[in-house]
Amino acid sequence: MLITDICAALGLTEQEMRRLGVVWGKSRRKAGGVTNLLIAHMLDTAAVAELIWDGYLAPHSRHQINIVAPGGDGRRFFAWLCGIHDCGKATPSFQRVDATEAALLAGAGLTWDRGMVTGSTSRAWRHDKAGGAVLRSVLKSAGWGRQQIGWVWPLAAGHHGTVAAQQPSDRGYMHGQAQGKSPEWKTLQRQLVEVFTRALGYDTVLAVQPVAAPARAVQLSLLGYVVMADWIASDERHFTGLDRLEEISPDRARGRAQAAWRALRLEGGLRVLEGSGDVFTSRFGHGPRPSQSLVVDAVRRMGAPGLTIVEGPMGEGKTKTLLAATEVIAGRFGFRGLFLGMPTQATADPMLSQVSRWADAVSPGAGADVVLLHGKRAFNPVWKAMVEAEGRASYESVQEDGGGEDCEREHHAPAEWFLGRKRGLLGHLVVGTIDQLLYAATRTRHVMLRHAGLAGKIIGLDEVHAADVYMSQYLKEALRWLGQAQIPVVLLSATLPPAQRRELTDAYLAGVRNEPGFTAEVPVAGGYPAVTCAWQESAADAPTITVDTCAPWRQDFPVRVRVLPETADSEQPVIDTLRTQLAEGGCALVIRNTVKRAQGTFRRLRAEFGDDTVILHGQLTVRERAERSEDIIARLGPGDDQPRPARMIVVATQVAEQSFDVDADLLITDIAPVDLLLQRIGRMWRHEGTPRPAGVTQPTVYVTAWSPQTDNGVPRFDGGAEYVYGSWLLLRTAALVRSAAEGAGWNIPGDVPRLVADVYDGGPLVPGAWQAAEQQAAEAWRREQEQRASSAERYLLARPAERDASTLAGLHYADSDAQDEERLRAVVRDGEDSVEAVLVVHGADGYRTLLGTWLGVAGEFAGRHVEELAGDVLRLPVAVTRDRAPESLGLVRLAAWSSHPWLRQARALVLDADLKGRAGPYRVTYDRGIGLTYEK
């Protein structure tokens, strides 16, 4: 049926139809040279929404909409919600923006006081905000109830990325002119909604009224889908303008949408799901370990989507466990995707191939749907190969409304549309850093797109113990929203303190129950590995929390614990120990808490042991760090890619603490909180069958960076250790280390839960002589934790006082300056990340890369060598960048780089021929052996 037929059926006069036929939604310069009428764009968006429903939404998401839709018809209601979003464009404040289009309105009798409808009033009455007001007025007149209007209008008002605390005032002549309060405008707005509603098959606007309000978190993902549908329907390559009312119909809109959908290729994800049987054998080619069976059996017993916490030893195979659990959960509860969040970019990169292989085994072809999501993905070789196989330039930026290739040919990478800015989480299968989830807990523009991306997925997070108190505020905020949306979450950890387990469980269940401050009794695990599952089957039920345990797949092995006292020459005890223990060969890992300390250790060990010594830390360039990590893992990791070296000493910082699959014979480590200390121990004696030289036939860890014997009996810690970790956790860990050194050591992994609980539960632990110092340190630690937790509240998506709100109104209660990726990362990590710089060498002939490639007199040829330059990136030390703007550090944006999508954002640190330069008040030097050094 044509729109003109619908208008006639509704009794619109010729003049009223004429008005509907001049109100525009997309100007000719944004619609392929032909004006797109507002009703056409609304129908296009609704038609796209139907395809999102059919080919993109997970069954779980469709169910959540069906149960609130009138007559249970969620598909039609979803299309209506998406299409109605631009009704606020039927106002003078919007129609005045394009002078050519506005001239046509006057001829149809739609006028306004040009002196009153100015730029300032139009900005205050922007069309998204106006849409909220128009909907409230029209829906109220149609007989909708207050509660239903209350949750629907923000879906229109927020489709440009923010939901204001309140609508702009409609009082006063000026604002009345802006929103169109004259009879002609009010009638037009009502008729626009009525015609659009009839075009979707509803008899009246009242018939669209939902039967209930979904959870606030579901509303947020719904708003994200509105934005998604709008962005697709705004692509002029697929939706050229229609400027004649008699050419517009729902069927034509559906034809346009189907052509765009085929071209964009947005379907995908997990389609063939077993959810039963031996998922390990079918997916990984081998049977499960006991802990893996434990987890899969536990999630099969869950009565609803919920939270699963998997705790197990390092090397237990928790990533495969998560993937198997994902398949079971997806099959049981109607999910189609996965977001796997890793602690760092370096740990996320290897997961791309692993998740792709698993996805292909689950649903053939799904491996190509995996999106790698972090700031350096363009330089990951696997990702780069996937993207270039599609014929795309790996460094090209995707425009906001970008399209894609013909869907009929074989594809090797995710649809190009998903690679655009702010769209990454909308991909069906996503591997990235945990930051990508934490961003969804921030009050930032277009946060609803992140929630739409999460809605149909199982959320898996590895190494959750690595989240400190500041990051944990965002993690718990994210869990509250995920719980409210009943999105399943699987958390992995080797060393999770019991209090953190309780906090994470409470946060998720508080969201499920929409009950801020909810706490539950979380049973204590009676063994290790363990799996905790928490869910609630209905609003009338109490939460169910189960804890199951089993024996680890490998037996405990005893670890001797020794103390290397800190001396005036902190390196000599290390040298002496290694000289003795490695006399007959062996591979040692030495972990220092700071880069400077690691560099000092490396210099001394290199002088003593020569080329057998290598160093790894965060102040190496991307290339150096990646190549060195790859080489170390090849030599000390699983498999037999290279013969194990007769002797090797790796000096590293915390980069070796997690997801670093090496097997050292011997560990020397600076003291750290016990959970991190145990993570470091997990890098030794990791693989069965590894040959050990005679001097290292028993697992031994040497703990340094503290002096056990002082005048008052209280240990004294290295300044770097105290700065990074604080003295309270170090004191309590030192008590355990001292006891183990004097006794039989530790049994790993069996002792892990007890050791972590002993340090973090705050009970009596340290010797009497230490107690006064420990109490003082504990108080300082608590004050710092409270301060850091409080400082995180500034950017949290919901303020504590409004966590039980029922609608999205006022979600963006204040502006946020955290919009770009770099600023967001600093926000969720408490500003711990410093500034990134590209190291370039400047000489008489212009600029060169660190490898010597000439970039031109002004760097004008850099675009040809962007991959090489990307390898020359490093993150400057916090000590150098703290409280300093990049410009004050002497970092420059080269004018010749401004036309390149990646280089134009890059800052260069210019070095001389000796690789020396300045960064603020510091002299810096880059040495390919030891990395960046600096001094005032």
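Mentor: Gladly! A cavity here is a set of grid points where a 1.4 Å probe fits but cannot get out. Please keep in mind that this is a predicted model.

Trainee: How many cavities of 30 Å³ or more are there?
Mentor: A cavity has to be a place the probe cannot leave. With a cut-off of 30 Å³ or more, the count comes to six.

Trainee: Which helix gives the largest share of the lining of the largest cavity?
Mentor: The largest cavity has a volume of about 130 Å³. Its lining includes Glu 477, Arg 480, Trp 481 and Gln 484, and also Ala 510 and Gly 511. Helices H22 (469–484) and H23 (498–513) each supply at least two lining residues. The largest share, four residues, comes from H22.

Trainee: How many residues of that lining of the largest cavity are charged?
Mentor: Arg 216, Glu 515 and Arg 803 are among the residues that line the largest cavity, and Asp, Glu, Lys and Arg count as charged. The lining divides into four nonpolar residues and three polar ones, and the number of charged residues is five.

Trainee: And how many charged residues are in the lining of the second largest cavity?
Mentor: This cavity has a volume of about 90 Å³. Its lining includes Tyr 56, Leu 57, Arg 336, His 428 and Lys 457. Five of the lining residues are nonpolar and five are polar, while the charged ones number two.

Trainee: On to the backbone. Which residue is joined to Pro 529 by a cis peptide bond?
Mentor: Most peptide bonds are trans. Pro 529 is found in the loop between H23 and strand S9 (530–535). With omega at about 5°, the cis bond joins Pro 529 to Tyr 528.

Trainee: What is omega for the cis peptide bond between Ile 748 and Pro 749?
Mentor: Pro 749 sits in the loop between strand S19 (746–748) and helix H30 (752–760). For the cis bond that joins Ile 748 and Pro 749, omega is about 10°.

Trainee: Is His 446 buried or exposed?
Mentor: Most residues other than glycine have a negative phi. His 446, however, has a positive phi near 60°, and its place is in the loop between helix H20 (435–438) and helix H21 (447–455). The relative accessibility of His 446 is 9%, and buried means under 20%, so His 446 counts as buried.

Trainee: What does Lys 422 count as, in terms of accessibility?
Mentor: Lys 422 also is not a glycine and has a positive phi, of about 75°. It is placed in the loop between helix H19 (381–389) and strand S6 (429–433). Because its relative accessibility is 22%, Lys 422 counts as partly exposed.

Trainee: How far apart in space are Ser 282 and Val 362?
Mentor: Ser 282 lies in helix H15 (residues 279–284), where a polar atom of its side chain is 3.2 Å from the backbone oxygen of Val 279. Ser 282 and Val 362 are 80 residues apart in sequence, and their C-alpha to C-alpha distance is 8.7 Å.

Trainee: Which helix has the lowest mean pLDDT among the elements of the chain?
Mentor: The chain has a mean pLDDT of 89, and 92% of its residues reach 70 or more. Helix H5 (residues 74–83) has the highest mean, 98, and the lowest, 54, belongs to helix H11.

Conventions: Residues numbered from 1 in each chain as written. Heavy atoms only, no water. 1 Å grid on protein atoms, 1.4 Å probe; cavity = no way out; pocket = protein on both sides within 12 Å on 5 of 7 lines; lining within 4 Å. Points joined across faces, edges and corners; volume = space filled by probe spheres on them. Buried < 20%, exposed > 50% of the residue type's maximum accessible area, 1.4 Å probe, protein only. Polar contact = N/O pair within 3.5 Å; in protein donor to acceptor, adjacent residues only side chain to side chain. pLDDT = per-residue confidence, 0-100.
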